[in-house]
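Opened the notebook for a look at domains and cavities today. I'm jotting down what I looked up, in the order I got to it.

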Amino acid sequence: MNKFFFRVIIFTVLWPALVNAQLLHLKSPDGKIDMALENGAKMLWSVKYEGTEVVVPSVISLTLGNGLVLGNHAKVNSIKKASVNTVFNTPVYKKKSVIDEYNQLTINFKGDFGLILRAYNDGVAYRFFTRKKGEIIVEREEANFNFSKDHKAFIPYVRDLRENNQYISAFESTYDEIPLSKMVKDSLAISPLLVDLENGKKAAIVEAELVDYPGMFLTRNKEVAHSLHGTFARYPKAERLGGFNKMNYMVTEREAYLAKTSGNRNFPWRAVIISENDRDLLNNDMVQKLSVPSQIADISWIKPGKVAWDWWNDWNISGVDFKAGINTETYKYYIDFAAKNHIEYVVLDEGWSEETDLLKISPHINVKELISYGKQKNVGIILWASWFAINKVLDDAFTQYSSMGIKGFKIDFMDRDDQKMVNSIYNIAKKAADYKLLIDYHGMYKPTGIQRTYPNVINFEGVKGLENAKWTPKDDMPHYETTIPFIRTLAGPMDYTPGAMRNATKADFHPSNSMPMSQGTRSHQLAMYVVYEAPLQMMADSPTAYMKEQESTSFISKIPTTFDETVALDGKVGEYVAIARKKEDKWYIGGLTNWSARTITVDLSFLGKSKFSAEIFKDGMNANKDAADYKHEIVRVTSADKLTIDMANGGGFAIIINPEK
């Protein structure tokens, strides 16, 4: 039997002499990573990877509402060591299972609190815990990430401020590639955040198991050079209706504390992923490994898949005998298109109901009829809702629409990650699971592990997706699109909403609401269906556009949204990326480049012993002038082959490899 399917845990109480030690070390299973904790007047943590300083001594602590600082002058009661090597299944993910191997120290301090340190072969993590009776107030958390040099970092600033509040945003950002010292003072950045340690090595700051607690932003440490400092939204004290179309609650005043919470709990993980090269970042499982296992006993009803989406294409269909728009006839057309192309779902986006009253359906929409029509054609219906609207009628909405046969909700405009919002996210996920409803959290902070705990939550936004092409002319999207696979997807899946059939060169691109286009080539768009992790994956363009480009559409429809295995092939942050994924006996390969044309060699040695047929979409000879130009071919390959593929400016490629019978 495979040894990885055994769980080996050895707990050892360390020698009494170590109880009073002021410096503790924890090594990764392969011995390359050394995590240290210095316990004195203040508590400091640090990390080394072989000869590279990753995090130099950095202060960490929790301050409670009574003024007690957990971390200052702490006295050790006991220390336990654990070594774990196991595997857990991940049915709604980029691979079927994850190897979970780490060494751990659990340190109990006087005062009913402690610290857990973990060292993996690909990074480290720590978390505080308290074992106090009743409720506690967390007034402040000190989480610092000090670096030895003024390293280059990829800074995703909070840019899309809502009503001039730093802690209310859409969590969508491109990356400023600057030295740590050049980070704008008093600005906030979103995690994951990547730091270039030089010589190919990278460090990415993430958090996981964010439960009943606010999310962590990062800002420039004013007191220490080359340092990032965690900062958190304080608990909302007063709110008012506001935001886009007044569909959300805006925080107008906050409390002096971060959270009121149980005194007997574990706090979120603070983690640093470490990679020897950029490619390793493309297939990392740290957030999955640090998250609570599924709380849903039966997940057989959770069906990932692709979604025909209406909003990005502005309900713009043509060649029909009815007025296209938010009406029953239009959505039947979307359902027909989805059924013909084996697309699992259609989403009814904004407009199917009153914006702030989900129980009042538009007179132009017959939801029951659409559900019945979709059921006949094996197409499920998903409904869009703002967080404000669904949260105020949550039980009524879930009862009413699940009984009608709705498959799930796409929930938008959360725009916050304070404790109140985080709790709401978990509450919605749990109740949705009770009603067997899928959830796509749009307008949402980055995923932090709820996708493992409640696998009915099968996608998140927290990314500056294709929707921005409708109004943003200046963003360099191919550069961004070759950056996020290395950074944003470290947190988990993302609702980027790819699939544009109108494709433009850098010179020809312009925003359009009803005829939107993408920056880069057709093959670049197709590749996203392999490269981007999204168990619920949108098809952003209109049925009319897809039917005009049936060859591309048929290819997209063959690509699954979850996989059994992932292999990172090659890549460099912001330049290019190539990934292979396997589902059952088929392989899917995707590659993207930025605005620089390049040639890439795809080594097929991962295929195994057999003969295969490779269906390839790649940039056409004239894609540098006509971004929609592509070449579609089928070739025979074996594991001994290496495919040489030319990618145009803003180009890409996508391949489906089938074993020959």
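**Entry 1: the second largest cavity.** I wanted to know where this one sits, bearing in mind that the model is predicted. Domain 1 (22–290) and domain 2 (463–531 + 543–660) both give residues to the lining of the second largest cavity, so I put it down as lying between them. I noted a volume of about 80 Å³ for this cavity. Its lining includes Lys94, Leu281, Leu282, Asn283 and Asn284. Also on the list are Pro485, Thr489, Leu490, Val531, Glu533, Ile579 and Arg581. Sorted by class, I get six nonpolar, three polar and three charged residues there.

**Entry 2: the largest cavity.** The largest holds about 110 Å³ of space. I count 15 residues in its lining, and those closest to the centre are Pro156, Tyr175, Ile190, Gly462 and Arg488. Which classes make up this lining? Eight of the residues are nonpolar, three are polar and four are charged. Both domains turn up here too: domain 1 (22–290) and domain 2 (463–531 + 543–660) each supply at least three lining residues.

**Entry 3: the two domains.** Then I stepped back to the division itself, which is domain 1 (22–290) and domain 2 (463–531 + 543–660). I have their C-alpha centres down as 33 Å apart. For the contact, I noted 25 residues from domain 1 and 30 residues from domain 2.

**Entry 4: buried area.** An interface's size is often given as the accessible area lost when the parts come together, so I looked that up next. Between domain 1 and domain 2 about 2,300 Å² is buried, and carbon and sulfur atoms give 63% of that. On the domain 1 side, Glu172, Tyr175 and Leu282 lose the most area to domain 2, and together they make up 27% of what that side buries.

**Entry 5: polar links.** How many salt bridges run between domain 1 and domain 2? I found zero. Polar contacts do show up, though, with eight residue pairs between the domains, both partners at pLDDT 80 or more. Last, I sorted the side of domain 1 that touches domain 2 and wrote down 14 nonpolar, four polar and seven charged residues.

Terms used. Residues are numbered from 1 along each chain as its sequence is written. This is a predicted model: local features need pLDDT of at least 70, side-chain atom pairs count only at pLDDT 80 or more; totals for chains, interfaces and linings use all residues. Side-chain values use heavy atoms; hydrogens and water are left out. On a 1 Å grid over the protein atoms alone, a cavity is a set of points where a 1.4 Å probe fits but cannot get out, and a pocket is an open set with protein on both sides within 12 Å along at least five of seven lines; lining residues have an atom within 4 Å of a point. Grid points are joined across faces, edges and corners, and a volume is the space filled by probe spheres set on the points. Ala, Val, Leu, Ile, Met, Phe, Trp, Tyr, Cys and Pro count as nonpolar, Asp, Glu, Lys and Arg as charged, and the others, Gly among them, as polar. Domain bounds come from an automatic or database domain assignment. Contact means heavy atoms within 4.5 Å. Buried area is the accessible area (1.4 Å probe) that two parts lose on being put together, summed over both. A salt bridge is a side-chain nitrogen of Lys or Arg within 4 Å of a carboxyl oxygen of Asp or Glu. A polar contact is a pair of N or O atoms within 3.5 Å; within protein, one must be able to donate a hydrogen and the other to accept it, and residues adjacent in sequence count only if both atoms are side-chain atoms.
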